[in-house]
Amino acid sequence: MGSRRLDGLILRSPSAGGLPIPSSSLIGEPPASRAPTRILPWRVTAVLLSPGEAVRLLLACSGQRTLAPGIAVGEDLAFWAALLRVAGDLVARGRFLPDLVGEEETFAARWQPVLQGSDQERLHALARAMPAVARALSNSPAEDAVGEVLAGFVDHLVRSGLQERAADSAQERAADGAAAKRRASRAETPHELWLRALLAPDGRLAGSRDALEPLAAEVREWRRPVEELAGAPFRLCFRLEEPPAPEETGDGEPPAAAEPEQPWRLRYLLQPVPDPSLLVPMEQVWPARSRQARLLAAHGSDPRRYALTALGQAARLVPDVEAGLRQPRPAGCALDATGAYRFLTEHALALEEAGFRVMLPAWWTRGRARARLNLRGRVSGAGSGRSARNGFTLESLVRFDWQAALGDEPLTREELEQLARLKVPLVRLRGRWVQVDGAQIRQVLRFVQEHSGERRPAREVLRAGLGGAAGPGGVPVDGVQATGWIGRLLHQVQERTALEELDPPRGFQGTLRPYQMRGYAWLHFLRRWGLGACLADDMGLGKTIQTLALVQHEREAGETRPVLLVCPTTVLGNWQREASRFTPGLPVMVHHGPERQRGEAFGEAAAGSGLVLTSYALLQKDQALLKTVEWAGVVLDEAQNVKNPETKQARAARSLPAEYRVALTGTPVENHVGDLWSLMEFLNPGLLGSQADFQRRFFLPIQTRQDPEAAARLKQLTGPFILRRVKTDRSIIADLPEKLEMKVFAPLTREQATLYQAVVQEAEEALEASEGMSRRGLVLATLSKLKQVCNHPAQFLQDGSAIEGRSGKLTRLAEMLEEILETGERSLIFTQFAEMGQILRRHLQERFGREVLFLHGAVPKPQRDRMVRRFQEEDDGPPVFVLSLKAGGTGINLTRANHVFHFDRWWNPAVESQATDRAFRIGQERRVEVHAFVCAGTLEERIDRMIEQKRWVAGQVVGTSEAWLTELSNHELRELFALRVEEAVRET
């Protein structure tokens, strides 16, 4: 069944003032808290989705805030998407059974979920979290609604999977024509009808209810044991008990390695669900008059009947339990070492998934990793491979020896041989149980014999020392012991505090704060060894100047090859200006725009530069050209642009030849496990192995099982190459001012440049014929028009046209907000135009799927107060607040924000400071970052420069107007308005 339109559907919604209350703040503001509300019916038009369409929609919504610009994922869809994930988990674990459900005058075949223990708890938690809007079409309690929808999801997922399998074998069935004719010549039995209906799209059975009732009774009886187990007040538990320790040897030590002589014991216990602290051994359950049996019976059910049923179910999963049921009063069973190992590795998980509780020895659940077989490398000497800079390189050859260990304890060759001879997977070694794989032991023996003493590049030693190498048969390599220069290198890579201090380069015009000095020295250290570095400092901590200091230092140290820096188009101008400011002696080349150099001319120009700037779009488009240059280094700014390893940009970045590589990003990369492979493959190729290896060793264990061991290994391996500092670090706080003020230079799009030049041309013609008040009005009107063009063409044209991709300022704002929202911070955005505020609000809500508040002069005081209260006090309140400068520039306290954006400029520092003080005032507990937007190459940049160069001008300005600009001569105004296209426009 496909989707179809439903007219006249009745939806029950909380209402106030004769209107339904918006279900999301993206639709409209919530009413005042004092407004009376009632549940009222509303007639709506809807689209009824088929189960398959609903599942596809919810899969697209899972984990997303927006599906596309302007299409946000509501709370109800996000909730049902979470329930769909629960259904998928149940199906994947086989937690479902077929059923026959009565519907009207017949029956329908359904696949029903089977819930036990933790599954029921998950469902209860979801029901408690159900948003009110999800119940607008139903009066059912939340628990019932969640259960009904979950059953529908499970039925669809199982049925669709079976239908796919059936379709795959359709050709085989068609070939068996004789069998098909025999089936067609006789009437199908009720059981065959049921099986066919379990595959059919709607599940309905042909036949009357009376005729199918006997089958329904059979199905109910068949399902009864499972349902009784799921609803019983008890839970069957299994506890694996190890054999007693053997006698000590004459010297007081346990045997080194011996096959156990006594069996293991799998003990059965019963646990009341209401009292999980009580565990009753099964031998105390069977006597009906025992005290423990009476305590259990007080929970309203027969514990012995439950125990027999539960043991029967468990016996299907564990053959040893089935053998133990031959006893009259089963209380446990004996296991040999092989059976105990099989229970630990296979049966325990199967029992837990079936709803039973399993208790395993502490050494298995807590210390299993320490008892695994591993390899350790030892570096016993350094070979050749001198370089002019530090004497050795990572290609230097060193002598490598290997030693096997079980957990923390080294093994001698004799012990390895003894373990290899044992035929059991669990042995007691030096007083504790360890897991042994005979084939793996033999592989390790052969590996140690064949590879010890060989010479390997130091780069492989470093990777092994960080845990990135893999031994034979998947045996992990647990570190490297080394002395000399390779030992010092390993220590310095792992412990950044061991780095030597490095003086700023002579040509660096600025002051590096202490934490920036540390970052600069760290970048230089990794660069010396040809290792890639990811500088992941918070926004505003100075990634740009730390990188420029590195490039300048290398230049002064004799490096003649250029560095390629790739960044988003919107920050090309920022890099160019920051390089001019902090490293004025560094030759900078911008490779961008339709007039950019190509062929030999590009190579010659790049060779004469110290820093070449280009964009991600050209990284892909000009890949072949960029590969012709021998780069000293490649730097990726906002490196999240290459987080997807399959994109052409990411592949192009990895293909560039360079001696060292640097990635800059303010996004906390440690929170994005899936992105790390692409980033590290650019920085240090091969460090994380192949993409398939990374998925197997790290991504799947961490993402699906939250495996702490895999997470720790990944951090150990990547941590030395990622430097992440946040503004809340105590070591950083002391280095920062209370308020960080910075300029954000944004480019114009081609459309903006065309409109800008048209406004300037019109104004120049009119200026010649105007004077006095008329001239003053013309100047002010032109200033306003040019600012509108710099903001967005849609604001200037006032035509309600599209927003995306037409404004350099807006694009850069969205890029910065993406990073800020990801770190959970809040922002104020000031504009002097109400219409621009509306554009900002609309676009940012569509982009991020988060509510954006907008305060302007027409907002009444009660609504204004609600906005401020929601922004300041609600933990899940709107994270972005757009304010018109006049309405929000004074009189309100918004200290919840620690970012302030001046989207367009008033060109009066006093007015902008007043606006900034909405966040930077008493009550603010964090550093405030102030971002003043300026369109490069336009009047915005020149006026900003005038104010910076002549601070006295700002002091003489009285009031909040821009009238001082009208006093400029016509010649000065022409210079002011003129567009410098080469600086302003940054398009490919």
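So, helix 32, residues 808–822: this helix lies across strand 28, strand 29 (827–831), strand 31 (880–884), strand 32 and strand 33. Helix 32 runs at about 160° to strand 33. On the angles: axes are lines fitted to C-alpha atoms, for helices over the stretch in contact, and angles run from 0 to 180 degrees between N-to-C directions. As for the names, helices (H or I, at least four residues) and strands (E, at least two) are DSSP runs, numbered from the N terminus.

Before I go on, some housekeeping. This is a predicted model, where local features need pLDDT of at least 70 and side-chain atom pairs count only at pLDDT 80 or more, while totals for chains, interfaces and linings use all residues. Residues are numbered from 1 along each chain as its sequence is written, and side-chain values use heavy atoms, with hydrogens and water left out.

Okay, back to our region. Helix 34, residues 861–873, packs on the sheet too, touching strand 29, strand 30 and strand 31. The direction of helix 34 makes about 140° with that of strand 30.

What is the strand order in this open sheet? Reading across the six strands, you get 28-33-32-29-31-30, with parallel pairing. Strands count as paired if DSSP finds at least two bridges between them. At the edges stand strand 28 (739–746) and strand 30 (852–855), each with a single partner strand, so one side of each has no neighbour in the sheet. From one strand to the next, the twist averages 20°.

Let's zoom in on one pair. Strand 32, residues 899–902, and strand 33, residues 928–935, are parallel and share four bridges. For example, His899 has Glu929 as its bridge partner in strand 33.

Is Ser827 buried or exposed? Ser827 is buried, at 1% relative accessibility. The cut-offs: buried means under 20% relative accessible area, exposed means over 50%, and partly exposed is in between, using a 1.4 Å probe and protein chains only. Leaving out residues up to four places away in sequence, Ser827 touches Leu817, Ile820, Phe871, Pro879, Val880, Phe881, Ala897, His899 and Phe901. Contact here means heavy atoms within 4.5 Å.

Now, salt bridges. The rule is a side-chain nitrogen of Lys or Arg within 4 Å of a carboxyl oxygen of Asp or Glu, and by that rule there are 32 of them.

Helix 32 comes back here. Its Arg812 forms a salt bridge with Glu638, and the closest N and O atoms are 2.6 Å apart. This pair links distant parts of the chain, 174 residues apart, with Glu638 in the loop between strand 25 (631–637) and helix 24 (648–655). Both Glu638 and Arg812 are buried.

Next up, Glu751 and Arg806, whose side chains meet in a salt bridge at 2.7 Å, N to O. Those two are 55 residues apart: Glu751 is in helix 29 (residues 750–767), and Arg806 is in the loop between helix 31 (793–797) and helix 32. Glu751 is partly exposed at 30% relative accessibility, whereas Arg806 is buried, with a relative accessible area of 14%.

Here's a local one. Glu578 and Arg581 make a salt bridge at 4.0 Å, N to O. Both sit in helix 20 (residues 572–582), three residues apart, about one turn of the helix. Glu578 is partly exposed at 25%, and Arg581 is exposed at 55%.

And there's a network of salt bridges, linking Arg527, Glu554, Glu559, Arg561, Glu630 and Glu659.

Last stop, the start of the chain. Strand 1 (residues 4–16) pairs with strand 3 (residues 38–48) in the antiparallel sense over 10 bridges, and Pro14 has Ile39 as its bridge partner in strand 3. Strand 1 is also joined by two bridges to strand 2 (residues 19–20), again antiparallel. Strand 1 and strand 2 form a hairpin with two residues between them, and Gly17 in the turn has a positive phi of about 65°.

Then helix 2 (residues 75–92) and helix 3 (residues 118–128) pack at about 170°, with axes 11 Å apart. That makes helix 2 roughly antiparallel to helix 3 (over 145 degrees is roughly antiparallel, under 35 roughly parallel, 65 to 115 roughly perpendicular, and the rest oblique). Helix 2 brings Phe79, Ala82, Leu83, Val86, Asp89 and Leu90 to the contact, and helix 3 brings Asp119, Arg122, Leu123 and Leu126.
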